[in-house]
Amino acid sequence: MFWLALIACVLVLQRHSHEISALSARLGYVGVFAIAGLLAISWGALVAAWKQIVLLYSGTPLSFARSARHLSLLLLGKYLPGGIWGFTARLADTPAEQQIIRLVIAGAFEQWIGLSTLALLASLAWAHFSTGYPLLLLVPGVPYVAVAGWCVLSAVLARFRGWLRWRALQHISLAGVPHGRLVGPAFLTALHQFGQLTMVAVLANAGLVVSWTDACLVASLYGMATTVGILVVVVPGGIVVREGVFVALVVPVLPSDQALAFAALVRLVLAGFDLASAGVASLLGWREEVPRPP
C-alpha cells in the first residue's frame, strides 16, 4: 500500500515536472542547504530527545549512536501498518540492563509529546496567520502544555487502574518521572516539529511563489494533516490520509491540483529524510553489538 502510494506521488510530480523544475531553480543552492539544515536540526533534536527520555525513565544512559539507531528503526517501522513495528524493533535493540516496561512507557511519552507538540504548533501557526492575532507568542508554552497533558493522562490511567484492576495495568505507571524533568525533552521535540514545519514553509514560499504569510499558513495546515495521518494508525506512515486531508484543508489558499503536487513533493522529501536517518545511524555504528542476558 505504501509503495503504491509512493509511486502515485512520483507520477503526480511527473505530471508537474515543469513546476518542479521551476521550484528547483527558485530554491537554488541556498534554499537546498537551508532545507537540509532544517532537517538536520530536526533530526538531531529528536535523537537528543529520545536519549534524554530513555535516561529519565530507565535510569540507564543511551549512547547517541544507539539513540540515532532507535530513531531510524521508529521512522522506518511506521511504514508498516499498525504503528507498532518501530517500537518492537527498538525493544529488540535494547540493552539487557534496561527494563522493557520502562522503555515502553518512554516510547509512549515520546509519541504523546510528538503528537501534542505538532498539533499545538500547527494550530497556533494557523490561528496566527489566518486571523492576524500574535498567537505565535504562545509558542514557548507549547512544551509545558504538552507535559501537562501527559500529567492528565497519567492521572486518568491511575484512576482506571484503581477501578478496573486490570492485571496488565498493575505494573504500569506513567507518572514514574517528575513532570518538571520532562520539559527538556518536550522542548527538543517541539524544536523538531518547528524545524519540519519551517522546511515546509520554505518549500511553499519557493515552489508555490506565495508570500511568507501564505507559506506559513500552508505549513500549519500540513502540520494539522500530519497529525490526522499519525492518528490513523492502520495506514502506513499516514500516506494518502495526510495528503488527502491537506488538500481538503488548503483549498482556500491553493488550487487542488497544485496542493496535491506540493503534498506529493513534501511526502517524498520526508521519506528521503527517513531513509537518510537510517544511513546516518549506520555511519554512527549500526553494527554495535547489543548485550544479551546469559
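1. In this predicted model, helix H4, which covers residues 85-92, and helix H5, which covers residues 100-131, have axes that come within 11 Å and cross at roughly 140 degrees. The two helices, H4 and H5, are therefore oblique to each other, since an angle has to be over 145 degrees to count as roughly antiparallel, and their crossing is right-handed.

2. On the H4 side, the contact is made by Phe87, Arg90 and Leu91, while H5 brings Ile100, Leu103, Val104, Gly107, Glu110 and Gln111. Sorted by class, the contact of H4 with H5 has 5 nonpolar, 2 polar and 2 charged residues.

3. A second pair to look at is H3 and H10, whose axes come within 8 Å and cross at roughly 150 degrees. These helices are therefore roughly antiparallel to each other, and the crossing of H3 and H10 is left-handed.

4. Here H3 contributes Ala68, Arg69, Ser72, Leu75 and Leu76 to the contact, and H10 contributes Phe273, Asp274, Leu275, Ser277, Ala278 and Ala281. By class, the contact of H3 with H10 divides into 7 nonpolar, 2 polar and 2 charged residues.

5. The largest pocket holds about 1,000 Å³ of space, and its lining is made up of 41 residues, with Leu74, Leu75, Lys78, Gln111 and Ile230 lying nearest its centre. Among these, Leu75 also takes part in the contact of H3 with H10, and Gln111 in that of H4 with H5.

6. At least two residues of this lining come from each of H3, H4, H5, H7, H8 and H10, and by class the lining has 22 nonpolar, 14 polar and 5 charged residues.

Methods. Residues are numbered from 1 along each chain as its sequence is written. This is a predicted model: local features need pLDDT of at least 70, side-chain atom pairs count only at pLDDT 80 or more; totals for chains, interfaces and linings use all residues. Side-chain values use heavy atoms; hydrogens and water are left out. Axes are lines fitted to C-alpha atoms, for helices over the stretch in contact, and angles run from 0 to 180 degrees between N-to-C directions. Helices (H or I, at least four residues) and strands (E, at least two) are DSSP runs, numbered from the N terminus. Angles under 35 degrees count as roughly parallel, over 145 as roughly antiparallel, 65 to 115 as roughly perpendicular and the rest as oblique. A crossing is left-handed if the near helix is turned anticlockwise from the far one by less than a right angle, and right-handed if clockwise. Contact means heavy atoms within 4.5 Å. Ala, Val, Leu, Ile, Met, Phe, Trp, Tyr, Cys and Pro count as nonpolar, Asp, Glu, Lys and Arg as charged, and the others, Gly among them, as polar. On a 1 Å grid over the protein atoms alone, a cavity is a set of points where a 1.4 Å probe fits but cannot get out, and a pocket is an open set with protein on both sides within 12 Å along at least five of seven lines; lining residues have an atom within 4 Å of a point. Grid points are joined across faces, edges and corners, and a volume is the space filled by probe spheres set on the points.
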